[in-house]
Amino acid sequence: MSTPNLPPEIRLPRYDWGLEVTAAVDLYNDGSLPDIPEDALLIAAGGPGEIVQVGRHEDANVPLYLVDFGLVVLGCLEEEITPRGAIAAGPRPGVMEALP
């Protein structure tokens with residue numbers, strides 16, 4: 001399957017929905033959860049989750065992932081999550097390679 005010709009500034013998602021991931025960094029409330037104090041730790045680095053939706057941050061033009069961490073569903077950037085038991089094979093959505 002070929003990748004559509006897109007302007008170079010558009011970054012395609014590396015991960016697909018349904019992928020099990022872990023938080024690569026501590027994830028704090030950025031104010032998007034009004035019932036929880038701003039800057040409160042929501043998920044510690046290493047916390048397990050699953051991608052439930054893949055979208056795009058329109059202003060930054062980067063992939064955005066909705067990740068269900070069990071306690072809360074958060075919007076995460078690629079740099080904030082890591083696949084569990086797999087590594088990305090390249091910048092093609094949904095293509096994963098098992099770790100040895």
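Trainee: What is the order of the strands in the open sheet?
Mentor: A word on the basis: this is a predicted model, where local features need pLDDT of at least 70, side-chain atom pairs count only at pLDDT 80 or more, and totals for chains, interfaces and linings use all residues. Residues are numbered from 1 along each chain as its sequence is written, and side-chain values use heavy atoms, leaving out hydrogens and water. Strands are DSSP runs of E, at least two residues, numbered from the N terminus, and two of them pair if DSSP finds at least two bridges between them. With antiparallel pairing, the five strands follow the order S6-S5-S4-S1-S7.

Trainee: Which strands stand at the edges?
Mentor: Look for strands with a single partner strand, so that one side of each is left without a neighbour in the sheet. Those are S6 (73-76) and S7 (81-83).

Trainee: How many bridges join S4 to S5?
Mentor: S4 also pairs with S1 (residues 20-23), antiparallel, through three bridges, with Thr22 partnered by Pro48. The antiparallel strands S4 and S5 are joined by bridges numbering seven.

Trainee: Which residue in the turn between S5 and S6 has a positive phi?
Mentor: S5 and S6 are antiparallel over four bridges, and Leu74 in S6 is the bridge partner of Val67. Their hairpin has four residues between the strands. The positive phi, about 90 degrees, belongs to Gly70.
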